[in-house]
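Me: I would like to go through this model feature by feature. Please start with the ligand and then move to the fold and the backbone.

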Amino acid sequence: MTAAPDQAPAGGRDPTAAVDVDAAIVGGGIAGLWLANLLHARGYRTVVLEADGIGGSQTLASQGMIHGGLKYALSGNLTGASEAIAGMPERWRRCLAGGGDVDLGGLEPLSDRYYMFATSTALGRLTSFFASRTLRGRIRRLEPPEYPAAFADPAFRGVVYELNDFVLDTPDLLAALLRPVADRVYRHRLLPGEVTPADGGCELRLPGARLRARRLILTAGAGTGALLDHLGIASPRMQLRPLHQVLVRHDYPHPLYAHCLTGIRRPEPRMTITSHRDGDGWLWYLGGQIAGDGVAMSDAELADHARRELAACLPWISWERAGISTLRVDRAEPEQTGGRRPDEAFAAAVGPTVVAWPTKLSLVPDLGDKVLALLDPPRPGPAPRLELPRAGLGRVPWSRP
Ligand SMILES: Cc1cc2nc3c(=O)[nH]c(=O)nc-3n(C[C@H](O)[C@H](O)[C@H](O)COP(=O)(O)OP(=O)(O)OC[C@H]3O[C@@H](n4cnc5c(N)ncnc54)[C@H](O)[C@@H]3O)c2cc1C
């Protein structure tokens with residue numbers, strides 16, 4: 001095997017020889033791949049170690065929404081959470097246009113817009129809040145001719161708002177992020193015993209190579225908790241917030257990307273709907289309140305509940321023959337008081353280790369800023385080539401065998 005021009009042969013042939021990198025990134029979800037792109041573009045010698053398929057547990061299970069946080073403002077007030085994230089859709093759009101932090105030129109969103117709807121026009125104080133000057137440019141009430149296809153039914157007499165948010169196909173996103181760095185993303189589950197402190201950095205004893213990393217960047221999602229324990233890092237700690245998502249297979253021909261606000265009693269969408277390619281049709285993926293409430297339900301209870309909720313939120317569509325299944329998945333985040341939702345991306349340095357959780361797909365540009373601020377300038381030199389298999393893309397949870 002010949003090394004690529006900007007790659008040096010690793011200690012693969014001589015396991016006693018150490019190779020140097022600026023950063024070893026552990027975990028190839030959105031966080032790890034985004035950081036690998038940022039660092040590679042700035043001349044950092046970087047490798048990524050991914051235990052399974054790229055995209056891991058959360059990223060490929062996510063709904064792919066790049067949002068500006070308005071769903072956190074359904075109390076009728078802008079909150080810390082809604083404002084920290086407000087600028088993210090524009091940052092992502094610059095990336096999709098080929099500028100921005102990471103070049104995602106050519107990546108087509110699944111949907112260029114996201115909607116909010118209710119089957120009644122009576123939204124209480126939210127009606128004036130959505131029309132207020134503070135939200136100008138972030139939300140717009142649509143006229144019926146502008147409605148997406150799913151609301152074109154004459155039986156729908158509610159209200160539809162368009163948000164600045166959009167939805168990405170996460171496998172397409174990960175493939176675009178993998179392309180520029182594929183030669184440095186390896187399949188390997190980092191075991192805590194493989195890491196030791198060395199020369200102000202870390203040494204990773206990998207199969208066939210000793211890697212000396214100035215920084216060990218943990219972007220292992222839910223896997224970061226165990227790595228922190230074994231590295232003896234007491235703070236930050238990780239919290240897991242569970243979700244029980246709903247997958248709906250049906251023969252309704254249109255996709256839908258919308259929050260349902262019909263009859264909400266809490267400041268949270270009753271359901272958050274995204275649609276994903278599934279054979280010749282669309283699979284609808286439901287999150288939001290239904291996925292939080294569903295945590296306490298069995299799979300069968302949640303499937304029944306989801307069928308009733310779909311009938312209440314979208315009564316002009318027949319749900320009797322829909323195939324409904326469910327998916328349990330945890331969000332991995334920095335620990336917060338009372339287990340609440342973090343408002344921002346998180347990155348902290350503990351010695352040579354950087355602990356990073358984006359907390360949301362949308363907030364990955366924020367994570368990039370925070371991690372870059374923690375790093376010293378790169379040292380010139382080729383990136384190593386390790387004698388490990390390359391990592392491949394993982395699969396979305398609804399993919400058919
Ligand atoms: C159901 C659901 C829906 C969501 N929807 C949205 C949304 O629409 N919009 C939004 O902004 N956010 C959303 N989020 C949040 C968002 O998906 C996550 O914040 C984000 O994907 C986390 O990415 P990550 O790279 O940190 O983690 P992950 O995607 O979980 O990746 C971590 C990777 O690390 C690997 N790993 C673990 N341990 C090791 C180890 N020891 N060695 C090597 N590799 C290891 C894993 O295999 C995995 O690939 C959603 C989350 C969930 C759960």
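Me: Which backbone atom lies 2.9 Å from a nitrogen atom of the ligand?
Reply: This is a predicted model, and polar contacts are read from pairs of N or O atoms within 3.5 Å. Here a backbone N or O atom of Leu-190 is 2.9 Å from a ligand nitrogen.

Me: How much of the ligand's accessible area does the protein cover?
Reply: The ligand on its own has 1000 Å² of accessible area, and the protein covers 94% of that.

Me: Which elements give two or more residues to the shell around the ligand?
Reply: They are helix H1 (30-41), strand S3 (46-50), helix H2 (58-61), S13 and S17. H2 gives the largest share, three residues.

Me: Which residues come nearest to the ligand, and how does the shell divide by residue type?
Reply: There are 38 residues around the ligand, of which Glu-50, Gly-56, Thr-59, Met-65 and Ser-362 come nearest. By type, the shell holds 15 nonpolar, 19 polar and four charged residues.

Me: Turning to the fold, in what order do the eight strands of the open sheet follow each other?
Reply: The order is S6-S7-S5-S14-S15-S16-S13-S17, with mixed pairing. Strand S6 (139-141) and strand S17 (323-334) are the edges, each pairing on one side only. On average, neighbouring strands are turned by 30° against each other, direction ignored.

Me: How many bridges join S6 to strand S7?
Reply: Three bridges join S6 to S7 (residues 159-163), and the two run antiparallel. Within this pair, Ile-139 stands opposite Leu-163 in S7.

Me: Which strands does helix H9 lie across?
Reply: Helix H9 (residues 299-313) lies across strand S5 (114-118), strand S13 (238-249), strand S14 (258-260), strand S15 (271-278), strand S16 (281-287) and S17. The helix runs at about 100° to S17.

Me: Last, the backbone: is the peptide bond from Ser-235 to Pro-236 cis or trans?
Reply: Most peptide bonds are trans, and most residues other than glycine have a negative phi. The bond from Ser-235 to Pro-236 is cis, with omega near 5°. Pro-236 sits in the loop between helix H7 (224-231) and S13.

Me: And is phi of Asp-199 positive or negative?
Reply: Phi of Asp-199 is positive, near 50°. Asp-199 belongs to the loop between strand S10 (195-198) and strand S11 (201-206).

Definitions and conventions. Residues are numbered from 1 along each chain as its sequence is written. This is a predicted model: local features need pLDDT of at least 70, side-chain atom pairs count only at pLDDT 80 or more; totals for chains, interfaces and linings use all residues. Side-chain values use heavy atoms; hydrogens and water are left out. Two strands pair if DSSP finds at least two bridges between them. Helices (H or I, at least four residues) and strands (E, at least two) are DSSP runs, numbered from the N terminus. Axes are lines fitted to C-alpha atoms, for helices over the stretch in contact, and angles run from 0 to 180 degrees between N-to-C directions. Contact means heavy atoms within 4.5 Å. A residue is near a molecule or strand if one of its heavy atoms lies within 4 Å of it. A polar contact is a pair of N or O atoms within 3.5 Å; within protein, one must be able to donate a hydrogen and the other to accept it, and residues adjacent in sequence count only if both atoms are side-chain atoms. Accessible areas come from the Shrake-Rupley method with a 1.4 Å probe; for residues, only the protein chains shown count as cover. Ala, Val, Leu, Ile, Met, Phe, Trp, Tyr, Cys and Pro count as nonpolar, Asp, Glu, Lys and Arg as charged, and the others, Gly among them, as polar.
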